[in-house]
Amino acid sequence: MDNSYPKNEKLKSKKIIDLLFTEGKSVAQYPLRLVYVPYDFEEDVPLKMGVSVSKKYFKKAVDRNYYKRVLRECYRLNKSQLLAHTNQKYCFMFFYQTADRLPYQEIETKTKQLFEKFGKSLPQ
């Protein structure tokens with residue numbers, strides 16, 4: 001499995017991000033939340049992912065950027081778990097939603113649990 005996060009998998013389209021917030025479904029595993037929506041984009045990639053850390057919880061950009069890097073790395077390493085559950089194209093937004101400063105290992109464990117929960121939430 002290719003453990004990469006190439007540029008064409010990054011979610012940057014304002015139109016798709018707006019769609020995620022209006023029509024997206026969500027699964028959560030404290031302190032993470034995954035919002036997703038099926039979307040048939042032109043590129044030949046199975047999914048697109050964006051990450052977000054709230055300014056409400058981390059006032060300093062350096063702290064937000066650290067947790068965004070951690071989320072991207074957790075996604076990159078566990079992307080195969082998401083791909084195993086999907087047979088269509090999806091767009092995702094991955095959120096860190098607490099002011100608690102959790103260590104990387106705990107975030108990665110929660111990411112795996114969240115991706116598993118996502119797989120169970122899909123219609124079979």
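Where is the place of Lys-59? I found Lys-59 in the loop between β3 (47-53) and α2. Helices (H or I, at least four residues) and strands (E, at least two) are DSSP runs, numbered from the N terminus.

Before going on, I noted the ground rules. The model is predicted, so I keep in mind that local features need pLDDT of at least 70 and side-chain atom pairs count only at pLDDT 80 or more, while totals for chains, interfaces and linings use all residues. Residues are numbered from 1 along each chain as its sequence is written, and side-chain values use heavy atoms, with hydrogens and water left out.

**Lys-59**

I looked up its accessibility. Lys-59 counts as exposed because its relative accessibility is 65%; buried is under 20% relative accessible area, exposed over 50%, partly exposed in between (1.4 Å probe, protein chains only).

**Helices α2 and α3**

I turned to α2 (residues 61-85) and α3 (residues 104-121). They pack at about 35 degrees, with axes 9 Å apart. Axes are lines fitted to C-alpha atoms, for helices over the stretch in contact, and angles run from 0 to 180 degrees between N-to-C directions. I listed the contact (heavy atoms within 4.5 Å). On α2, Tyr-67, Leu-71 and His-85 are among the residues that make it. On α3, they include Tyr-104, Phe-115 and Phe-118. The contact residues divide into 11 nonpolar, five polar and four charged. Here Ala, Val, Leu, Ile, Met, Phe, Trp, Tyr, Cys and Pro count as nonpolar, Asp, Glu, Lys and Arg as charged, and the others, Gly among them, as polar.

**Aromatic rings**

How many aromatic pairs does the structure hold? I noted 14. Rings of Phe, Tyr and Trp (its six-membered ring) pair if their centres lie within 6.5 Å; planes under 30 degrees apart count as stacked, over 60 as edge-to-face and the rest as tilted.

Tyr-90 and Phe-92 are stacked, at 5.9 Å centre to centre and 25 degrees between the planes. Both are buried. Phe-92 and Phe-118 are edge-to-face, because their planes stand at 80 degrees, with centres 5.2 Å apart. Phe-92 is in strand β4 (residues 90-96) and Phe-118 in helix α3, so this pair ties together parts 26 residues apart in sequence. Ring pairs link Tyr-36, Tyr-90, Phe-92 and Phe-118 into a cluster.
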